[in-house]
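Thanks for passing this one along. Here are my notes as numbered points, in the order in which I would look through the structure.

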2 protein chains.
Amino acid sequence: MKQGIIFGGKSFEHEISIVSAITVSKKITTIETFIFLDDKHRFFLIPKDKMNAKTFSSFAFEKCTELFPCHNGFTSKGIFKTKVDQTVFINMVHGGDGEDGVLASLFSFYNIDFVGPRTTASVLSFDKYITKMYAKELDIDVVDYVLLKRDEALDIPFDYPIIVKPLSLGSSIGVSIVKEEKELAYALDTAFEYDDQALVEPFIDGVKEYNLAGTFAFGEWKLSFIEEPEKESFLDFDKKYLDFSRTKSAQEATVEENLAQKIHEAFKKLYGNYFKGSMIRCDFFVIDGKVYLNEINPIPGSLAHYLFHDFPTTLSDTMQDLPVHRDIKASYHYIDKIHATKGK
Amino acid sequence: MKQGIIFGGKSFEHEISIVSAITVSKKITTIETFIFLDDKHRFFLIPKDKMNAKTFSSFAFEKCTELFPCHNGFTSKGIFKTKVDQTVFINMVHGGDGEDGVLASLFSFYNIDFVGPRTTASVLSFDKYITKMYAKELDIDVVDYVLLKRDEALDIPFDYPIIVKPLSLGSSIGVSIVKEEKELAYALDTAFEYDDQALVEPFIDGVKEYNLAGTFAFGEWKLSFIEEPEKESFLDFDKKYLDFSRTKSAQEATVEENLAQKIHEAFKKLYGNYFKGSMIRCDFFVIDGKVYLNEINPIPGSLAHYLFHDFPTTLSDTMQDLPVHRDIKASYHYIDKIHATKGK
């Protein structure tokens, strides 16, 4: 089984995905196949030695072989076909296409193996409002929230400061901290540039944050260590961007045994059955010893390799124990019965 | 804009979809394009005069033109290409593929217009456990439930009788009413034939059931009348199957004004933003005057045409006011900045 990466996507996180894919390709040298999805939804096969930022920003990728999804893989057009099959792809398309269920569905339709959230898991994590209901259903605390629709009357039931987020976007894009009411309209305008709905939460200054990544493969949990992310990166897209190109390991946080266990338990509940086949990172808040889910990253930047003691093995295990599709054969039992009844 | 139907699918409801599509094609004679999805995930263009059950049960469809999705439509292979474009499709693929978000994603990826649930709406309605959390989030009551995973210890917190359902399947397939504990193992076996998880609820004998269908188009709600479905059809797949081929109008239920309003309100909340572009049917229970959501059918059998006073107009309005995709262009702002910093 060969290993590949799919990256890019018609998404506000297009660039981030490129950086993330380049980073992972340097970490995992066994990856040989690189498929780029451009913002016109075309797939291109990128030679390994062209895996650098310039290939994309200069549009040189357009000279690479264009591929089309087909059953069990990808193929080019024309007489001498390039075929890409028997490959497990890592879905590294952050944001739209990659995390909203579109690519997951496409891959499942064409029976292409991939590491990443399946359609249901994508929806549970991409839409921040649905993530809240999912966490609550699992008895995991979340910060209070209201959902605002574009052109809807503003009624914020929280004291300022508040935080305004586009409903379904990652990497802090379109997110604002609003200190007083007069800044609200601008923050909502910004959020509505990216989505028709926005989620508003009280902003908790100085809250403790902990991140944990992991996967479930071969009947076992493979969790990373817990990181306390650097505070200043909280809302800064430029810094986050550099985060996606992190190559060094993170610093393991000093966390009390009891708290670490709570974080582990919350992670396992959230991962559940739905996230099988993916390596996710959950970002938690801790307030008065209670663990709150902040967000689920179903495709964390550079797969959060920097949190794992042995990233290559964790990834390789995930790639080798993917969810299995149930084979369904159409039956014509009832139609045949009706025909028989009609005497045809 | 031409009108088409897509039907079939790799699904336990494959046959039902065929019957449903044939029924709708008789109701709406302006539909000219019929695309069949077989259980090998191949698309075929079915001529209008071949739209009968035999075409499928005899595998005659395999002689029809095979199509492949492409940007804005479908195309055949070979020198003389058949193109299907500028068509709005009604997604009539019940169950897997059609209702789980796979086709919705495929259509959205290829920019093909369609009536039916989008990816998020599919996940909210296809997975019965997620439907429960969604309804609760909207303050709509649901019947109590537990989720059972295959090979998990049985611990049913309800008195018998109970009802056991595969987590994500429609049309009563795999559903059993269990009167006493000794019947439970068999019921679970049946459910697990179709899904790895099962939802268990107390079974409420003789509960009042009401169905309401509708859509939101051009800024207005277009709701059907309320039906009280016939009781005996509750669990009988054969009868349900015939339901999908219903051609006559249903009987409007006699419902108190106050209750009708509660049902309408619940429907509108559930439809919300997520179901835009689809015509759905919500099935409710009423217990002591309180409205409970039983299930959301995002692609009801034969589109529940039998519940509408003017089905053709309702469908046509839905087809003409579909959710609009946000156009996203990739930017290379950060990559360019990094290059500049590096002095490249």
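1. Cavities of 30 Å³ or more come to 2 by the count used here. Please keep in mind that this is a predicted model. The second largest cavity has a volume of about 30 Å³. Its lining draws on both chains: A:Ala330 and A:Tyr332 are there, together with B:His14, B:Phe36, B:Asp38, B:Asp39, B:Phe59 and B:Phe61. Sorted by class, the lining of this second largest cavity holds 5 nonpolar, 1 polar and 2 charged residues. If you wonder about the approach, rolling a probe the size of a water molecule over the atoms shows where empty space is left.

2. Helix α5 (residues 128–137) of chain A and helix α5 (residues 128–137) of chain B have axes that come within 10 Å and cross at roughly 105 degrees. Angles of 65 to 115 degrees count as roughly perpendicular, so α5(A) is roughly perpendicular to α5(B). On the chain A side, the contact is made by A:Tyr129, A:Met133, A:Tyr134, A:Lys136 and A:Glu137. From α5(B) come B:Tyr129, B:Met133, B:Tyr134, B:Lys136 and B:Glu137. By class, this contact has 6 nonpolar and 4 charged residues, with no polar ones.

3. The α4 helices also pair up between the chains. Helix α4 (residues 119–126) of chain B packs with α4(A) at an angle of about 105 degrees, their axes being 9 Å apart. That angle makes α4(A) roughly perpendicular to α4(B). A:Thr119, A:Thr120 and A:Val123 of α4(A) make the contact with B:Thr119, B:Thr120 and B:Val123 of α4(B). What is the class make-up of the contact of α4(A) with α4(B)? The residues divide into 2 nonpolar and 4 polar, with no charged.

4. The axes of α4(A), residues 119–126, and α5(A) come within 5 Å and cross at roughly 100 degrees. This makes α4(A) roughly perpendicular to α5(A). A:Val123, A:Leu124, A:Ser125 and A:Phe126 are the α4(A) residues involved, and they meet A:Lys128, A:Ile130, A:Thr131 and A:Tyr134 in α5(A). This contact has 5 nonpolar, 2 polar and 1 charged residues. Note that A:Val123 takes part in the contact with α4(B), while A:Tyr134 takes part in the contact with α5(B).

5. For the aromatic side chains, a search of the whole structure finds 48 pairs over all chains. One of these pairs is A:Phe267 with A:Tyr271, which is stacked, at 6.0 Å centre to centre and 25 degrees between the planes. Both residues belong to helix α8 (residues 257–271) of chain A, where they are 4 residues apart, about one turn of the helix.

6. Two peptide bonds deserve a look in your viewer. The bond from A:Tyr160 to A:Pro161 is cis, with omega near 0 degrees, and A:Pro161 lies in the loop between β10 (146–149) and β11 (162–166) of chain A. In chain B, a cis peptide bond joins B:Tyr160 and B:Pro161, with omega about 0 degrees. B:Pro161 sits in the loop between β10 (146–149) and β11 (162–166) of chain B.

7. Last, a backbone detail. You will find A:Phe218 in the loop between β14 (208–217) and β15 (220–223) of chain A.

Notes:
Residues numbered from 1 in each chain as written. Chains lettered and ligands numbered in written order. Predicted model: local features only at pLDDT ≥ 70, side-chain atom pairs only at ≥ 80, totals over all residues. Heavy atoms only, no water. Axes fitted to C-alpha atoms, helices over the stretch in contact; angles between N-to-C directions. Helix = DSSP H or I, 4+ residues; strand = E, 2+ residues; numbered from the N terminus. Parallel < 35°, antiparallel > 145°, perpendicular 65-115°, else oblique. Contact = heavy atoms within 4.5 Å. Nonpolar A, V, L, I, M, F, W, Y, C, P; charged D, E, K, R; others polar. 1 Å grid on protein atoms, 1.4 Å probe; cavity = no way out; pocket = protein on both sides within 12 Å on 5 of 7 lines; lining within 4 Å. Points joined across faces, edges and corners; volume = space filled by probe spheres on them. Phe/Tyr/Trp six-rings, centres within 6.5 Å; stacked < 30°, edge-to-face > 60°.
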